[in-house]
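Hi there,

Here is the structure I promised to pass on to you. Have a look at it first, and then read my notes below.

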Amino acid sequence: MKIEKKDIQAALSTITVPGEGANMIASGAVRNIMTFADEIVVDIVITNPALQAKKKVETSITSVLREKVYADAKVKVNIKVEAPEKPQIKGKSLPNIKNIVAVASGKGGVGKSTVTANLAVTLAKMGFSVGVLDADIYGPSMPIMFDVEGEKPLAVRVGDVSKMKPVENYGVKILSIGFFTKPNQAVVWRGPMASKALNQMIFDAAWGELDFLLIDLPPGTGDIHLSIMQSLPITGAVVVSTPQNVALADAKKGVAMFQQESINVPVLGIIENMAYFTPEELPDNKYYIFGKEGAKNLATDIDVPFLGEIPLVQSIREAGDVGRPAAMQTATLIEAAFEKLTQNVVQEVVNRNESLPATEAIKITTMAGCSAVKK
């Protein structure tokens, strides 16, 4: 029996590719048809890579050709998958903000928020205009550290739009979910809700002109981090760690997150917090309670800058608790340590801006952004 190509086309026009409305011929999915005696070869392109979809296409074509063309036909279906380009998720730019620096840690309890607050006030003391976005939705600390717990952002008109005016203290503009919740109220939100709140604090805020916007990220490498990096073009990231191995293991993951190919946010460097303890009565002694130079050695190992070390001093904790960051002290070891640290951060931002193109908000188009990172 001679098999006619037009009969094959007519048969295939009665079925559709899974997930598509038009039939296989009209949609252009069938790219080629060949016949050799009782053998029929069909080349088809589909967009669904699932094995189940491929099997269904193959079964449907074989069945319809044997039913409508030739019952004993030997059918071979060559399936090629061409997945459509997925829409890219890209954040808006904030043209009034020159540099956006994310302060992160792989592990909680290493003093990331304390470092962020003191870095912010030191930048302000140097004459920079500074803002802090408290992105730790579930454990906001900035209202306490800046002594503005009872404050609420006011609504202001920017053009024809109403926006939130950040709370300001010590020359630093601050926005935090802590301004919108009661002190004893837990924020029990799933990821999408938390991300929406963050976007509102970013884009519905009247930040004005800023030299630096510091983002105090929550611990870990999860949903909030991805949301921030999808929303904003991050200039660079700073990772805070204490010297012990348990913290360093997570700090390494934090660095790896930013360096992942699908994220690619420049890492400005690593900060070692609680590096050593010096008793007031023995000012020349250093006791390495959590280990010695662990973060400094990690920075060398993974080839990122070491930005500096902050000693373990009781007044840093006390100052944070009363809402007056310790870096505001004058002529103290703490002021000097934070000044040196901040100078190094500013220098790395300058180096990054001179040597690399402007960062864009990341475009995550697959689940790769949520996978484990091996570095």
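Let me begin with a term: two residues are in contact when they have heavy atoms within 4.5 Å of each other. This is a predicted model, where local features need pLDDT of at least 70 and side-chain atom pairs count only at pLDDT 80 or more, while totals for chains, interfaces and linings use all residues. Residues are numbered from 1 along each chain as its sequence is written, and side-chain values use heavy atoms, with hydrogens and water left out.

With that in hand, what does S176 touch? Leaving aside neighbours within four places in sequence, S176 is in contact with D134, P140, P143 and M201. The side chains of S176 and D134 are also joined by a polar contact of 3.1 Å (a pair of N or O atoms within 3.5 Å; within protein, one must be able to donate a hydrogen and the other to accept it, and residues adjacent in sequence count only if both atoms are side-chain atoms). You will find S176 in strand 9, residues 172–176. Strands (E, at least two residues) and helices (H or I, at least four) are DSSP runs, numbered from the N terminus. S176 counts as buried because its relative accessibility is 0% (buried is under 20% relative accessible area, exposed over 50%, partly exposed in between, with a 1.4 Å probe and protein chains only).

Strand 5 (residues 130–134) runs parallel to strand 10 (residues 210–216), and they pair over 5 bridges. Within this pair, L133 stands opposite I215.

Finally, a UniProt annotation from an unreviewed entry, "binding site", covers G106, K107, G108, G109, V110, G111, K112 and S113. UniProt positions here follow our numbering, feature names are shortened, and annotations may be inferred rather than shown by experiment. K107 lies in the loop between strand 4 and helix 3 and counts as partly exposed because its relative accessibility is 29%.

Enjoy exploring!

Methods: Pairing = 2+ DSSP bridges.
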